[in-house]
Amino acid sequence: MPTRPVSILRSTLALGVLTLAGCANPFIENYIGSRQSATTDPVRVVAKANTPRLGTSRFSAKMELGNLPGDDEARAAAAEVGAEAYWWRFAPSFSAGNESATIGAGSGRVGSTDRSGPSFGEKAIKWYEFEAVFYANAPTRDDD
């Protein structure tokens with residue numbers, strides 16, 4: 001039978017593994033493409049460039065506690081796959097399941113509508129679409 005310190009150590013190690021598993025980079029998890037030697041400081045470009053790509057990453061993420069993947073995760077993914085440059089964006093995902101309110105149809109009487117037309121209630125955006133492109137080389141001025 002294991003002693004108490006050994007069982008505490010096992011529990012702590014198991015918790016540590018589960019914690020690290022939750023910190024995975026979604027840009028890497030959803031990466032499709034090739035890799036080259038890791039880089040130390042990839043450059044972020046402001047628009048998609050016409051230069052050779054290493055790969056792309058596309059995914060949806062739910063906002064939990066105000067946290068969404070950002071530039072730190074995109075830069076880390078670019079460095080890991082060996083990209084010299086990267087571009088990324090995110091946008092709210094508008095769908096029926098992503099809205100907390102429905103369209104109001106006026107006063108509810110047949111044949112009548114509100115004077116201002118149909119109205120949308122407040123939307124609760126919970127899901128976001130992410131897209132990233134990782135480039136083999138940093139774009140030149142002509143590629144921008």
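In helix α3, the residues Ala74, Ala77, Ala78, Ala79 and Val81 are buried. Keep in mind that this is a predicted model. The protein has 3 helices and 7 strands, and going from the N terminus the elements read α-α-β-β-β-α-β-β-β-β. Here's a quick tour, starting with the sheet and coming back to the helix.

**The sheet**

- Five of the strands make an open sheet: 5 strands in the order β1-β3-β7-β4-β2, and the pairing is mixed.
- At the edges sit β1 and β2 (43–44), each of which pairs on one side only.
- Helix α3 (residues 71–81) packs on this sheet and touches β1, β2, β3, β4 and β7; the direction of α3 makes about 145° with that of β4.

**Who pairs with whom**

- Strand β1 (residues 31–33) runs antiparallel to strand β3 (residues 53–62), and 3 bridges join the two. In this pairing, Tyr31 stands opposite Ser57 in β3.
- β3 is also joined to strand β7 (residues 127–135), again antiparallel, by 9 bridges. Here you'll find Gly55 standing opposite Phe134 in β7.
- Over at β2, 2 bridges link that strand to β4 (residues 85–92), and this pair runs parallel. Val43 stands opposite Ala85 in β4.

**A closer look at Thr56**

- Thr56 belongs to strand β3.
- Thr56 counts as buried because its relative accessible area is 17%, and the cut-off for buried is under 20%.
- Setting aside neighbours within four places in sequence, Thr56 is in contact with Asn30, Tyr31, Ile32, Ala132, Val133 and Phe134. Of those partners, Tyr31 falls in β1 (residues 31–33), while Phe134 is in β7.

**Whole-protein numbers**

- Of the 144 residues in the protein, 28% are buried.
- If you take contacts between residues at least 6 apart in sequence, 83% of them join residues at least 24 apart.
- The accessible surface comes to about 10,000 Å², and carbon and sulfur atoms account for 55% of that.

How values were computed
Residues are numbered from 1 along each chain as its sequence is written. This is a predicted model: local features need pLDDT of at least 70, side-chain atom pairs count only at pLDDT 80 or more; totals for chains, interfaces and linings use all residues. Side-chain values use heavy atoms; hydrogens and water are left out. Two strands pair if DSSP finds at least two bridges between them. Helices (H or I, at least four residues) and strands (E, at least two) are DSSP runs, numbered from the N terminus. Contact means heavy atoms within 4.5 Å. Axes are lines fitted to C-alpha atoms, for helices over the stretch in contact, and angles run from 0 to 180 degrees between N-to-C directions. Buried means under 20% relative accessible area, exposed over 50%, partly exposed in between (1.4 Å probe, protein chains only). Accessible areas come from the Shrake-Rupley method with a 1.4 Å probe; for residues, only the protein chains shown count as cover.
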